[in-house]
Amino acid sequence: MSEATPDQDALAQRRAELRAAHLVPVDDRPASTARGLHHTALVSSDVETTIRFYQDVLGFPLTELIENRDYPGSSHFFFDIGNQNLLAFFDFPGLDVGPYAEVLGGLHHLAISVDPQRWEQLVARLDAAGVEHEVHSGVSVYFRDPDGARIELIADPLGEMYGHHVL
């Protein structure tokens, strides 16, 4: 498959068209029908490895570990990521789900908001744990979890990204 160099001007024009057609000014925007993100569920190859990473390295407390109702023998477990939001995982013992892959409709990355003082401590914890990571703009750190999912810890306030209001 060959990759053509995208026309950057055409892509910028298309974004401008989409903004004009669909972005409602904040004062005119209706309230969302949702009340928040209950949980995002990822797939884990090993429950204990995932717990040690998310709880011990990142400091997200494990809140529950139950059987997955949809796949007998599978675990469904949850971590508190603040603001009454959960990060959940499934394991699928005996089912070859293959390695992590970024695909259309799949996860590109999960951005988790953290307090700026905590952000610096978490970057240090990633260093101490030997987790490869990349810092961007002094407020974002990107890394991969034990199964390859890309995670971002961002110190910008909720609803902002690099000083730009997105909510």
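Me: Leaving aside neighbours within four places in sequence, with which residues is Asp 156 in contact?
Reply: This is a predicted model. Neighbours of Asp 156 within four places in sequence are set aside here. The residues that remain in contact with Asp 156 are Ser 113, Val 139, Met 161, Tyr 162 and Gly 163.

Me: In which loop is the place of Asp 156?
Reply: Strand E8 covers 150–154, and strand E9 covers 160–161. Asp 156 lies in the loop between strand E8 and strand E9.

Me: Is Asp 156 buried or exposed?
Reply: The relative accessible area of Asp 156 is 10%. Buried means under 20% relative accessible area. Because its value is 10%, Asp 156 is buried.

Me: Which backbone nitrogen does the side chain of Asp 156 reach, and at what distance?
Reply: Tyr 162 is among the residues in contact with Asp 156. The side chain of Asp 156 reaches the backbone nitrogen of Tyr 162, at 2.4 Å.

Me: What distance separates the C-alpha atoms of Asp 156 and Asn 85?
Reply: Along the chain, Asp 156 and Asn 85 are 71 residues apart.

Me: How are the rings of Phe 53 and Tyr 54 arranged as a pair?
Reply: The count of aromatic pairs comes to 10. For Phe 53 and Tyr 54, the ring centres are 5.2 Å apart and the planes stand at 85°. Planes over 60 degrees apart count as edge-to-face. With planes at 85°, the pair is therefore edge-to-face.

Me: Are Phe 53 and Tyr 54 buried or exposed?
Reply: Phe 53 has 7% relative accessibility, and Tyr 54 has a relative accessible area of 0%. The limit for a buried residue is under 20%. Phe 53 therefore counts as buried, and Tyr 54 is likewise buried.

Me: Which residues form one aromatic cluster?
Reply: Phe 53 and Tyr 54, the edge-to-face pair, both belong to this cluster.

Me: What pattern of helices and strands does the protein chain follow along the sequence?
Reply: The protein chain has three helices and 10 strands. Read along the sequence, their pattern is α-β-α-β-β-β-β-α-β-β-β-β-β.

Me: How far apart are the mean positions of the positive and negative charges of the protein chain?
Reply: The protein chain carries 11 positive and 26 negative charges. The distance between their mean positions is 5 Å.

Technical notes
Residues are numbered from 1 along each chain as its sequence is written. This is a predicted model: local features need pLDDT of at least 70, side-chain atom pairs count only at pLDDT 80 or more; totals for chains, interfaces and linings use all residues. Side-chain values use heavy atoms; hydrogens and water are left out. Helices (H or I, at least four residues) and strands (E, at least two) are DSSP runs, numbered from the N terminus. Lys and Arg count as positive and Asp and Glu as negative; His and the chain ends are not counted. The place of a charge is taken as NZ of Lys, CZ of Arg, CG of Asp or CD of Glu. Buried means under 20% relative accessible area, exposed over 50%, partly exposed in between (1.4 Å probe, protein chains only). Contact means heavy atoms within 4.5 Å. A polar contact is a pair of N or O atoms within 3.5 Å; within protein, one must be able to donate a hydrogen and the other to accept it, and residues adjacent in sequence count only if both atoms are side-chain atoms. Rings of Phe, Tyr and Trp (its six-membered ring) pair if their centres lie within 6.5 Å; planes under 30 degrees apart count as stacked, over 60 as edge-to-face and the rest as tilted.
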